[in-house]
Amino acid sequence: MPSDNDCMRQVFKLAEKGKGKTSPNPMVGAVLVKNGEIVGEGFHQGFGMPHAEIEGLTCAGDKAEGSTLYINLEPCCHYGKTPPCSKALIDAGVKKVVVSILDPNPQVNGKGIQELRAAGIQVEVGVLEQEAKQLNEVFLKWIVKKQPFILLKAALTLNGKMADMDGDSKWITGEKAREKAREMRGWYDAVLVGIKTVLKDDPLLTCRTPGLKNPVRIALDTRLKIPLDSKLVKTVGEAPFWVATCHPDPDKVEKLQKAGVKVILLSEEEEGKVSLRALSEYLGACQISSLFVEGGAEVLGGFLKERLVDKIIFFMAPKLISDSGLGVFQKWRENSIRQALILKNLAVSQIEQDVLIQGYPEF
């Protein structure tokens, strides 16, 4: 007979099938067990589509009566894009519900569990709680703070350089690592670079991974220098492109808007640059729940300086270049070991010859 932990790990596997497809909803999986056997499974496949509980109940059919439901997030009890799942579980005759974490959405936040218990359903909360929180780290931040979960990504040499002294960065890492980085874009609602990167590299910033959508592409462009013939402007039909500025030229704004580009006018920081805090608040209000920041170095450093970073990933290549190369965090100056930023909950993996390091900054 499978244990609660075994069943919940299967729930997580199902939930991850919705990665990059459910925003701003969470990733949720569901497993129904009866007499020691799995009788139904499901996961939330996309925003506006049936929730995991409904998929699982549909799969189980009549066998759902008297079963135990395992789910990584508290069932909803309100009408949104879909009807409340709590009522469907009650109507189906589910006997017990095992939940990893409560849903912090103010419309739910314990109310779903209360409704289930009031109907006589046994409810257990807290199975693999930490794993469940990490699975939905994006949703858990956005639903409470209405600001995107922000990840910084950089490709580096072993001695921390993201380009040589001439600014050349093609290519620090191998093709498999670059494929992984493009796939990660598809997990996030938006991807961001600075105008210097746009002018130098003329990037597309698309995902190019089958089954995943292209993110909203954003450029920080204080003086609105973006060329009208850049790839980002020319491919707005393939993926949305937004420009964040604080010193707009009305004529340039009109031309960009005619090309399909969204121009965002924001307040400025002390240095005269676009306020990253204002941008974060704006994106959250637009239901951009996650932001994948690719740089360059000045942009990465700016987000760190403002302490807006939730997660950092480094793709590190087994290469060394001279100290005259470009360091990863310009604009961010922490030279003291005692004040060094510490990354916690590290995860390290290898992609062919390159190493992927992931961690959470402890500000």
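Hi everyone, let's start in a loop: Pro 24 sits between helix H1 (4–15) and strand E1 (29–34). Helices here are DSSP runs of H or I with at least four residues, strands are DSSP runs of E with at least two, and both are numbered from the N terminus. The peptide bond leading from Ser 23 into Pro 24 is cis, with omega near 5°.

Before going on, a word on what you are looking at. This is a predicted model, in which local features need pLDDT of at least 70 and side-chain atom pairs count only at pLDDT 80 or more, while totals for chains, interfaces and linings use all residues. Residues are numbered from 1 along each chain as its sequence is written, and side-chain values use heavy atoms, with hydrogens and water left out.

Back to the backbone. Where is the cis bond from Gly 295 to Gly 296? Gly 296 is in the loop between strand E12 (290–295) and helix H12 (297–305), and the omega of that bond is near 10°. As a reminder, most residues other than glycine have a negative phi, and most peptide bonds are trans.

Now for some positive phi values. Asn 35, in the loop between E1 and strand E2 (37–43), has a phi near 55°. Asn 35 is also exposed, at a relative accessible area of 76%. Asp 202 has a positive phi of about 50°. You will find Asp 202 in the loop between helix H8 (195–201) and strand E9 (216–220), and at 25% relative accessibility Asp 202 is partly exposed.

While we are at helix H11 (residues 276–285), which of its residues are buried? They are Leu 276, Ala 278, Leu 279, Ser 280, Leu 283 and Gly 284.

On to charges. How many salt bridges does the structure hold? There are 17, where a salt bridge is a side-chain nitrogen of Lys or Arg within 4 Å of a carboxyl oxygen of Asp or Glu.

Let's look at helix H7 (residues 175–185). Lys 176 and Glu 179 are three residues apart in H7, which puts about one helical turn between them. Their salt bridge has its closest N and O atoms 3.9 Å apart. Both partners are partly exposed, Lys 176 at 42% relative accessibility and Glu 179 at 35%. Glu 175 pairs with Arg 182 in a salt bridge of 2.9 Å, N to O, and Glu 175 is partly exposed at 36%.

Lys 255 is partly exposed at 41%, and so is Asp 251 at 42%.

What about charges without a salt bridge? Lys 170, Arg 208, Lys 231 and Lys 234 form a positive surface patch. Patches are built from residues with over 30% relative accessible area and no salt bridge, with like charges joined within 9 Å and nonpolar side chains (Val, Leu, Ile, Met, Phe, Trp, Tyr) within 5 Å. Lys and Arg count as positive, Asp and Glu as negative, and His and the chain ends are not counted. Each charge is placed at NZ of Lys, CZ of Arg, CG of Asp or CD of Glu. The areas come from the Shrake-Rupley method with a 1.4 Å probe, and for residues only the protein chains shown count as cover. Lys 170 lies in the loop between strand E7 (161–163) and H7, and is partly exposed at 48%.

Last topic, the cysteines. A search of the whole structure finds zero disulfides, a disulfide being a pair of cysteine sulfur atoms within 2.5 Å. Cys 77 is in none, and its nearest cysteine sulfur, in Cys 76, is 7.0 Å away. Cys 77 is buried at 16%, and Cys 85 is buried at 1%. Thanks, everyone!

Notes: Buried means under 20% relative accessible area, exposed over 50%, partly exposed in between (1.4 Å probe, protein chains only).
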